[in-house]
Amino acid sequence: TGLLEGGGAARVGGCEWKPEAELVGPCAGGMRAVSSKGASASAESCAAACCAAADACGAWQWRADRGCSHAADVRLGNEKDGPGAWCEPTAPARFAGQASDNFGADGAVECSDGGWQPAALYAQCFGLGDPRPAPAGASAAECRDACCAAAREARSAPAPASSTHSSGKGCRTWQWRADKGCFFSGRVFCRPPASEAELLPFRGRRKVIASRTYTPPAVQS
């Protein structure tokens, strides 16, 4: 177990794992569940199965509620080059956030301290775009206020003649986390977790692949 934990380089079962932090965050695309019950028994068995798969497996990830998953290769954090598959560099954690079609309305309660529900969207949503600039990222309330301002601006702007529905501009969904900042956009995909286990970190590592340069650094300070 000790050889797989943490961020040190390790050679286990003939495989060399990259000297970096574990794949603790969720991965979007690329990771495929391994059907073998033996591989899903533990993080160590998942890693061993990845090693045994040779070049077909360049990364593995495991969590008790998900079992074992393998990928041919994945990017991590800020890395830009490489495959489309990408892994969040930080472990799952609760967000503050809310979704509403009413953010742009005059006197919207969702935009007030007395009417907002920041615990409504605690699971990470996808498709919200890049972090918003200051002061939106300073706090959940600042993020909410920036979302409401964008929604009011979009509502006051004339709609294109060909438009029969919202263009997605403005804001109908916002989320904030202290270590991530503020994100908002139109309606996006937000799936509530099935259990508290979905907020636990994953275990996982990437193999050293000679053809991959892994630049820029996966996690920038």
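Two strands count as paired if DSSP finds at least two bridges between them, and strands here are DSSP runs of E with at least two residues, helices being H or I runs of at least four, all numbered from the N terminus. The model is predicted, so local features need pLDDT of at least 70 and side-chain atom pairs count only at pLDDT 80 or more, while totals for chains, interfaces and linings use all residues. Residues are numbered from 1 along each chain as its sequence is written, and side-chain values use heavy atoms, with hydrogens and water left out.

**Exercise 1.** Work out how β12 sits against β5.

Step 1: find a bridge; W60 has R205 in β12 as its partner.
Step 2: look at the pairing as a whole; β5 and β12 run antiparallel and share four bridges.
Step 3: check the faces of β12 (residues 203-206); R203 and R205 on one side are buried, and so are G204 and R206 on the other. Buried means under 20% relative accessible area with a 1.4 Å probe, protein chains only.

**Exercise 2.** Take apart the largest nonpolar core.

Step 1: set the rule; a core joins buried Ala, Val, Leu, Ile, Met, Phe, Trp, Tyr and Cys residues through side-chain atoms within 4.5 Å.
Step 2: apply it; the largest core has 18 residues, and F103, C171, W174, W176 and F184 have the most contacts inside it.
Step 3: assign elements; α2 (140-156), β10 (173-177) and β11 (181-185) each give two or more residues to this core, with α2 giving the most, six.
Step 4: look elsewhere; another core of 12 residues lies apart from it, including A39, A43, C50 and C51.

Methods
Buried means under 20% relative accessible area, exposed over 50%, partly exposed in between (1.4 Å probe, protein chains only).
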